[in-house]
Amino acid sequence: MSLLIYGLINSIILALYTVGFSLTYGISGLANFAHGALYILSGYTAWSFLNILGLPFWASAPLAVIATALVGFLFYWVLLLRLRGIALAELIVTFAAGVAILELLTWKGFYGIRYSLPLFLRGGVEIGNVAVDYQRLFVVATGILLVILLWLFVHHTKIGLAFRAMAQNERTALSIGIESDWIGSLSLALGSALAAIAAMVVLPLGVMESTIGYEVLIYALAVAIVGGLESTLGMIAGSFIIGYGQILAARYIGAKWMVIVPLAAIVLVLIVRPSGLFGKFKELEERV
Amino acid sequence: MLEAKNLMVFFENALALNDLSIEVREGEIVAVLGSNSAGKTTLMNTLSGLIVDMKRKEDRKGGVRITVMGSLHFKGEEMLFMKPSERVKRGIVLSQERHPVFRDSDVMENLKIAGFLRSRAETKARIELVFKLFPVLKRLKGRRAGLLSGGEQQMLAIGIALVANPHLLLMDEPLLGLSPMLQADLARAIKEIRNEGITVLVTEQFARPILPIIDRGYVVENGMLVFQGTRQELAENPEVKAAYLGL
């Protein structure tokens, strides 16, 4: 029972880590390797609003989300605009920017017990005979709600439909007046905002430090690689495979295996099926 | 309505359009005939502005050097270097060759996406028009576009362009790869589109299927204009007959 519940929680946390990364990639083909850095940056931003400006957390958290979205948006126009379409250059630039953010945070002394965000909900409940705190249930609810809201957004709003259009066929999208740079920057902004939302609900579970940024990037990559980058269902399935894999490994082999599972998954999947377990062989499909 | 003068387009040093001038008057159906690599698609991309977008993207990553020269007036406004979205707003919409649709979306969603720059009510009315012109799309509105047949995808591609509400509809080889019967159907549909008040410029490799519906035509070879005339003149010109009518 506890395996089931904690596996679910762990899987949803992984899905939250990944959803922004895979959304940006799905829409504009942009692999944002600064994703993890933006995640932890939003935590630091919220902490600053909270402790330096003295705002309450219910105000700091949304402000941090908006600020992170803005950072993602500016990323596009300042750093990426001139490199768009050169995948390797995009990867190097986003990775470098991510490392710069993380090292800057470390240099500012962003580690240690005093850096933590408050819980949204205190207390807990017993499900069966397993004790679960409300914050973790809140994480699960946020994850599910986010997926539903994203689906509605993408299928029923103009911008969402334009996202879908750009993801499928850039030139046709262009010829009906949708602009790739606007959609690209908005998709990066939304991906960053999703990283920040994940941070706001997950970070209160522990102490913050800049190295979490690297972890989140690795987890997001693992999920994306296992699930395949272009399908949402693949992303969810990837989260569950790694999420439960981690919990099972921790229970039956040893706690340190939590870290090894995602890395092993990356290596295994890249050897066996490089387009992801649920990814399509896109190029092949297009040639047919 | 549309007046293109002395268009020159280079990809690096290769000349794709060579001093090409064409004109389209309101309410006409005008054809541009030419074989493969004659410059038809480059012309359409130049008129729709896609080439401006391509040029910008190539320039910023130091790729292929694209040079565009000449003048292009639509309803009196110069727009040779205007980006595609601005031209769509002003009423020039391109339906590209090989019917590129949004394959993972169903037919209805394809059409909804196309209303990006239009109001909800306007989009709804335009979709009704598309269903009136192509009743088969209404029947298939819940089907994923990637699963449609070639002919149906072509209708959908034209439908997408129509929802964007063009005054001038540019169609790049709409009849390519279709059966003669479907070609005749589509040619009829193009005529109906004109009867809805939309001016049409259409490119084609073979004159026969569209000759009955056009008012005037241009023949392009190697990016150059080699002949222009009314439908009658095209049909009677011996060289056009030989090259584009297969007689």
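Which side chains meet in a salt bridge at 3.0 Å, N to O? In this predicted model, the pair is B:Arg56 and A:Asp181, a salt bridge being a side-chain nitrogen of Lys or Arg within 4 Å of a carboxyl oxygen of Asp or Glu. The model being predicted, local features need pLDDT of at least 70 and side-chain atom pairs count only at pLDDT 80 or more, while totals for chains, interfaces and linings use all residues. Residues are numbered from 1 along each chain as its sequence is written, chains are lettered from A and ligands numbered from 1 in the order in which they are written, and side-chain values use heavy atoms, with hydrogens and water left out.

The interface of chain A and chain B holds 5 salt bridges by this rule, and the count over all chains comes to 23. There are also 17 residue pairs in polar contact across the interface, both residues at pLDDT 80 or more; a polar contact is a pair of N or O atoms within 3.5 Å, where within protein one must be able to donate a hydrogen and the other to accept it, and residues adjacent in sequence count only if both atoms are side-chain atoms. On the side of chain A that touches chain B, at least two residues each come from α5 (134-156), α6 (158-168), α7 (170-175) and α8 (180-202). Helices are DSSP runs of H or I with at least four residues and strands are runs of E with at least two, numbered from the N terminus.

In contact terms (heavy atoms within 4.5 Å), 27 residues of chain A meet 33 residues of chain B. The buried area, which is the accessible area (1.4 Å probe) that two parts lose on being put together, summed over both, is about 2,600 Å² between chain A and chain B, with 51% given by carbon and sulfur atoms. Within chain A, the residues that lose the most area to chain B are A:Lys158, A:Arg171 and A:Ile176, together 25% of what that side buries.

A further salt bridge pairs B:Lys57 with A:Glu170, with the closest N and O atoms 2.5 Å apart. B:Lys57 lies in helix α2 (residues 50-60) of chain B and A:Glu170 in helix α7 of chain A, so the pair joins two chains. B:Lys57 is buried, at 17% relative accessible area, whereas A:Glu170 is partly exposed at 34%; buried means under 20%, exposed over 50% and partly exposed in between (1.4 Å probe, protein chains only).

Salt bridges also occur inside helices of chain B. B:Lys55 and B:Asp59 meet at 3.3 Å, N to O, and are 4 residues apart in helix α2, about one helical turn. Both are partly exposed, B:Lys55 at 24% and B:Asp59 at 43%. B:Asp185 and B:Arg188 meet at 2.5 Å, N to O, and lie 3 residues apart in helix α8 (residues 180-195) of chain B. B:Asp185 is partly exposed at 34%, and B:Arg188 is exposed at 51%. Shared partners join A:Glu170, A:Asp181, B:Asp53, B:Arg56, B:Lys57 and B:Arg60 into one network of salt bridges.

B:Asp215 lies in the loop between β8 (199-204) and β9 (216-221) of chain B and is partly exposed, at 29%. The side chain of B:Asp215 reaches the backbone nitrogen of B:Ile29 at 2.8 Å.
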